Amino acid sequence: MSSTWGEKVKISIFGGSHTQAIGVVMDGLPAGESIDMNEILKQMARRAPGKDKTSTSRKENDEPQILSGLLDGVLTGAPLCAIIANTNQHSKDYSGLKVTPRPGHADYTASIRYNGANDIRGGGHFSGRLTACLVFAGAVCRQILQRKGVHIGAHVYSIGGCFDTPLDPVGVTDEQLNDLSSCYFPTVSPAAETAMRTLIEEKRSALDSIGGIVECAVTGVPAGIGDPMFGGVENVLAHILYGIPAVKGVEFGDGFAAAQYCGSENNDAFYYDDDGTVRTRTNHCGGILGGITTGMPVIFRAAFKPTPSIARTQETVNLQTGKNDTLSIVGRHDPCVVPRAVPVVEAAAAIALLDLLS
Ligand SMILES: Cc1cc2nc3c(=O)[nH]c(=O)nc-3n(C[C@H](O)[C@H](O)[C@H](O)COP(=O)(O)O)c2cc1C
């Protein structure tokens with residue numbers, strides 16, 4: 001398994017949904033930075049399940065315990081290690097999945113890759129629960145970035161065919177991002193949130209699930225950050241974002257839509273603002289040209305597939321009998337992972353940006 005990420009700021013995530021604990025070790029953090037535990041807990045609470053019907057009814061205690069690297073609220077420079085105890089396991093819900101793998105989940109591929117030795121309970125190391133570790137690490141990085149004037153916020157851009165108002169790629173403000181990053185179900189338009197919640201509830205009642213897109217913006221990143229060809233800002237962000245379970249697409253700026261434009265529509269015209277700073281009139285490129293930041297907001301979107309574990313009966317194979325079979329999944333699952341994934345996307349962006357700016 002490769003659960004270690006980063007060049008200058010490195011994170012290593014361990015554990016599984018039903019192990020004693022999950023955790024993260026962070027290396028390369030700047031010594032002397034103070035870290036506010038309350039801010040970390042606020043971010044972790046946004047990801048924690050059981051808040052309403054858009055998420056699983058599982059109650060998980062997402063209280064991190066810091067084992068090393070923080071003394072009297074200040075980073076010591078030694079590796080920062082935090083664990084989060086697993087306290088709500090129902091292992092019996094998963095016992096059959098080694099035989100009849102869940103369509104859309106990693107049960108089948110993991111059992112091939114690890115010769116059946118993988119821990120299947122609750123999805124093991126593939127569980128969305130592991131994203132609690134990302135949120136912890138991101139909440140640490142976010143505090144350091146904020147002192148450098150870098151602000152990160154994301155919203156639920158879409159659920160199925162329901163869309164929110166996009167962020168303004170030129171005019172998005174630090175305040176707007178800070179507001180979004182303190183909400184559980186952040187949207188720009190309150191009407192969009194209502195429609196999205198209704199759609200998630202419809203899918204849940206129909207024993208189904210639904211996917212969606214998270215849009216994220218970062219302000220305050222200076223021009224000139226990024227190391228192309230392979231260490232560009234797009235490369236670094238995409239690398240960590242694809243580590244989030246259920247992410248199936250990442251796009252920067254106008255992304256795939258830009259393939260339909262003419263150059264005259266897509267090019268972002270440069271101009272000097274009143275302070276003599278180079279800015280662009282539009283921001284189709286998402287604040288990145290040649291893998292290097294322009295100084296405009298960095299904008300990207302991550303597409304999440306529908307939750308694979310659905311209660312509806314599905315076709316699968318029986319790896320014991322070698323015959324075709326069916327499966328009705330029991331257990332507690334998110335009808336839509338997107339609202340809980342918003343703080344995870346912000347956290348991944350914070351870790352990536354601190355790595356790039358270190
Ligand atoms: C916050 C979050 C919560 C998730 N919760 C569930 C869940 O309850 N049930 C489930 O089957 N998948 C859930 N997933 C998605 C699976 O972990 C993921 O689809 C699976 O590991 C297969 O990986 P892949 O989709 O990246 O291919 C969740 C993902 C995230 C980000």
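In strand β10, the residue that forms a bridge with Ala154 is Cys216, where strands (E, at least two residues) and helices (H or I, at least four residues) are DSSP runs numbered from the N terminus. The structure is a predicted model, in which local features need pLDDT of at least 70 and side-chain atom pairs count only at pLDDT 80 or more, while totals for chains, interfaces and linings use all residues. Residues are numbered from 1 along each chain as its sequence is written, and side-chain values use heavy atoms, with hydrogens and water left out.

Strand β8 (residues 151–159) and strand β10 (residues 212–219) pair in the antiparallel sense over eight bridges, two strands being taken as paired if DSSP finds at least two bridges between them. Another partner pair joining these strands is Ile152 with Val218 of β10. Strand β8 is also joined to β9 by two bridges, again antiparallel, and in β9 the bridge partner of Ile159 is Cys162. The hairpin of β8 and β9 has two residues between the strands, and Gly160 there takes a positive phi near 50°. Nine of the nine residues of β8 are buried, that is, under 20% relative accessible area, with exposed meaning over 50% and partly exposed in between (1.4 Å probe, protein chains only).

These strands belong to an open sheet of five, in the order β9-β8-β10-β16-β11, with antiparallel pairing. Because β9 (162–163) and β11 (247–252) stand at the edges with a single partner strand each, one side of each is left without a neighbour in the sheet.

Of the 20 residues of α8, 19 are buried.

In the largest nonpolar core, which has 75 residues, Met26, Leu29, Leu237 and Phe304 touch the most other members; a nonpolar core is a set of buried Ala, Val, Leu, Ile, Met, Phe, Trp, Tyr and Cys residues joined through side-chain atoms within 4.5 Å. Helix α8 gives the most to this core, with 14 residues. A second, separate core of six residues includes Leu167, Val172, Leu180 and Ile299.

Gln143, placed in helix α3 (residues 131–147), counts as buried because its relative accessibility is 7%.
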